[in-house]
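Biologist: Please take me through this model feature by feature, giving the general idea before the particular case.

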Amino acid sequence: MLRDRIKKQISILIALTLIIGLMSAFVMSKNTKAEEQQTTTPQETTTEQETTEPTPVNPDEFEMVAHRGYSSVAPENSTYAFQAAANADFKHIELDLRRCKEKADGSADWVVCHDETLKRLCGVDKAVSSMTVSEIQKYHYISGNNIARYGNNVKIMSLADIISLVKQYKEQGIDWRFEIKELNNDEEQEQKVFDEIVQPLIDADVIDCVTFISFDASILNKILKEDERVKAWYLAKVMDEDHLSRAKNLKAKYDGRLEGVILKGTTYTTDETDVESLLNEDLKVGVYVLDSRVMMGAYYSMGVRSFTTNKVSPNSMSVSLMKHKYSKSDFTYKISKRSYTYTGTRKKPIITVSYEGEDLLEGLNYEISYSNNKYPGTGTVTATLIRNASGEKDKTFTISMPKVKEFKVAKNYATSVKYQWTPNTNITGYKVYRYNYSTKKYQLVKTIKKNKTKTFKATKLTTATKVRYRVKTYLTYKKKTYKSDPCKGKTTYTKPGKENSIKMNRSKKKKTIKVRFGKLPRVTGYTVRIATDKNFTRDVRIRTANSKTRLVKFKKLNKKRTYYAKVRGYLKVGKTYYYGAYSKVVCKKGKKAKKKKKE
């Protein structure tokens, strides 16, 4: 019985074990299905979300675009410039396409060239539009950065050449920016852009590698309309209502394919308002052509995220550098002019701020203000750094009174000298100074209170004497008087005085005349004239005498003629003669001829 009882208990245990095992298997199976259902549903949901919601754009990201290739290290728009850009890790490379001479069927090839002619690059003054590709490629570059390194190997690329290069770098994911240069702006020409540029890119399977840019919105509209794979940026030097309207229309028609607008950044015509108006339309904003990291940072702070450059490599920029804050000690400052002449208007010298050899832009990076910049004295121009820089830097300049111009001796007299100059109506008047040869100093002798005055007569002078005068301008403003530096003094001499003690005698034979005269002070000599008429036009004879001579003889005269005489003194200084006035005229009559008797 005991054995039977044990067998019965063992049987029960085995049955219970089987039941428990079956129940566990059932629970595990149910849990596994639940887990599978839970795992499958989120995965399906995630996949659905990924297909319906785009990956959010990082607002800090920016792009660097190589302008005409890496044109600071190799000639622009050349194979070498494009290769250099790719090797420098540029993900965006800009180039220019210009249409060549039309063929008989109306089509034309295109070349990679910015200018209308080959004059700058190749030294040939021929228009691209008047030549075929083969004619253009007969010439080579003669200018460009580091041109000597490449010799005569740099030639203008054809569209086929650039498509081949795009293919070569396709795996690197480079975005090539094709700028379409000016056309005739008609529908036929716009269609040719698609047929001659876009279609070859599609045929070469590189259309996804190219973004088109142009100042002509109608060209962009045509090629965006023709193929959904076309992407574009609109170029505009300034952002006004017309350009904004065109950009908005393109955005509305081709949302997602017109990426944004590229504005000129090298002159400050682009400001926060322009950038904001584009950003509000969900358009990206780019600027061209910047070679300064500080300028890029300033535009970056405004919301610009695309930068076309000649020389700043992508590896030298980062988000942190774009956001970097500069101080005034980071920059160099240069004033355009340090001295001015007062003209009654405010003086505004330009102050240039530069960083690492690159000039920054007034309005973008700094603002200029002035103080004390109208009246004579020291003026100040202040550069106030803005946006991604802070601080102020002053530069001083001087404003001086204008000197008297064209000061000269107008006329000499015996006891006076007349001076003249060009008047200046921006001042109050003039101050005249005479040099004192005893004290060896100038002394003020006259203040002229009319600015239109242009002459001064020095009077009460000594005859045949050296004199020297100079003049200053002056300005009176708010009870303060400003005086100019003196003009260069003018030295001259007064003329000798007039001799009136002249006498005239004839010899008994009437053929000799003696002219006697008195002494004049400080003269070098005398000039004596005689003639047979009182106007001294007939039979004139002239004799000179030194300063000690008081008598001059004239011989071999006609005893029958009446003679007239006069004398004057002169002063000789170097090669210059100063002649005094002639004396009164005296005369001596000739011997009367005998009358013939009548037969």
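**Reading the predicted model**

Biologist: Which residue in E27 is the bridge partner of Thr476?

Modeller: Thr481 in E27 is the bridge partner of Thr476. This is a predicted model, in which local features need pLDDT of at least 70 and side-chain atom pairs count only at pLDDT 80 or more, while totals for chains, interfaces and linings use all residues. Residues are numbered from 1 along each chain as its sequence is written, and side-chain values use heavy atoms, with hydrogens and water left out.

Biologist: In which sense do strands E26 and E27 pair, and over how many bridges?

Modeller: Strands of a sheet pair through backbone hydrogen bonds, either parallel or antiparallel. Here strand E26 (residues 466-477) and strand E27 (residues 480-483) pair in the antiparallel sense, over four bridges; strands (E, at least two residues) and helices (H or I, at least four) are DSSP runs numbered from the N terminus, and two strands pair if DSSP finds at least two bridges between them. The hairpin of E26 and E27 has two residues between the strands, and in the loop between them lies Lys478, which has a positive phi of about 50° although it is not a glycine. Lys478 is exposed, with a relative accessible area of 69%; exposed means over 50%, buried under 20%, and partly exposed in between (1.4 Å probe, protein chains only).

Biologist: Where is Glu406 found, and what is its phi near?

Modeller: Glu406 is found in strand E21, and its phi is near 55°, a positive value in a residue other than glycine. Glu406 counts as exposed, at 63% relative accessibility.

Biologist: What is the order of the strands in the open sheet?

Modeller: The open sheet of three strands has the order E21-E22-E25, with antiparallel pairing. Strand E21 (405-412) and strand E25 (455-458) stand at the edges, each with a single partner strand, so one side of each is left without a neighbour in the sheet. From one strand to the next the twist averages 20°, the axes being lines fitted to C-alpha atoms (for helices over the stretch in contact) and the angles running from 0 to 180 degrees between N-to-C directions. Strand E22 (residues 417-422) is joined to E25 by four bridges, and Gln420 stands opposite Thr455 in E25.

Biologist: Which residues of helix H5 are buried?

Modeller: In H5 (residues 159-168), the buried residues are Leu159, Ile162, Ile163, Leu165 and Val166. They cover an arc of only 160° around the axis, which puts them on the same side of H5; the arc is that of the directions from the helix axis to the C-beta atoms. Ala160 and Gln168, on the other side of H5, are exposed. The buried residues of H5 pack against several elements, including helix H2 (79-87), strand E2 (92-102) and helix H6 (187-203).

Biologist: How many salt bridges does the structure hold?

Modeller: Side chains of opposite charge can pair when their charged atoms come close. The structure holds 25 salt bridges, a salt bridge being a side-chain nitrogen of Lys or Arg within 4 Å of a carboxyl oxygen of Asp or Glu. One of them joins Asp205 to Lys170, with the closest N and O atoms 3.4 Å apart. Asp205 lies in the loop between H6 and strand E7 (210-214) and Lys170 in the loop between H5 and E6, so the pair ties together parts that are 35 residues apart in sequence. Asp205 is exposed, at 51% relative accessible area, whereas Lys170 counts as partly exposed at 33%.

Biologist: Is Lys251 buried or exposed?

Modeller: Lys251 is buried, with a relative accessible area of 12%. Lys251 forms a salt bridge with Asp255, the closest N and O atoms being 2.7 Å apart, and Asp255 is exposed at 55%. The side chain of Lys251 also meets that of Asp282 in a salt bridge (4.0 Å, N to O), and this pair links distant parts of the chain, 31 residues apart, with Lys251 in helix H8 (residues 241-253) and Asp282 in the loop between helix H9 (272-279) and strand E10 (284-288).

Biologist: Which peptide bond is cis?

Modeller: The peptide bond from Tyr288 to Val289 is cis, with omega near -20°, and Val289 is found in the loop between E10 and helix H10 (293-302).

Biologist: Where is the pLDDT below 50?

Modeller: Where pLDDT is low, the predicted coordinates should not be read in detail. The protein chain averages a pLDDT of 91, and 89% of the residues score at least 70; pLDDT is the predictor's confidence in each residue, from 0 to 100. The pLDDT is below 50 over residues 25-51, a stretch that has one contact in the model beyond near neighbours in sequence, where contact means heavy atoms within 4.5 Å.
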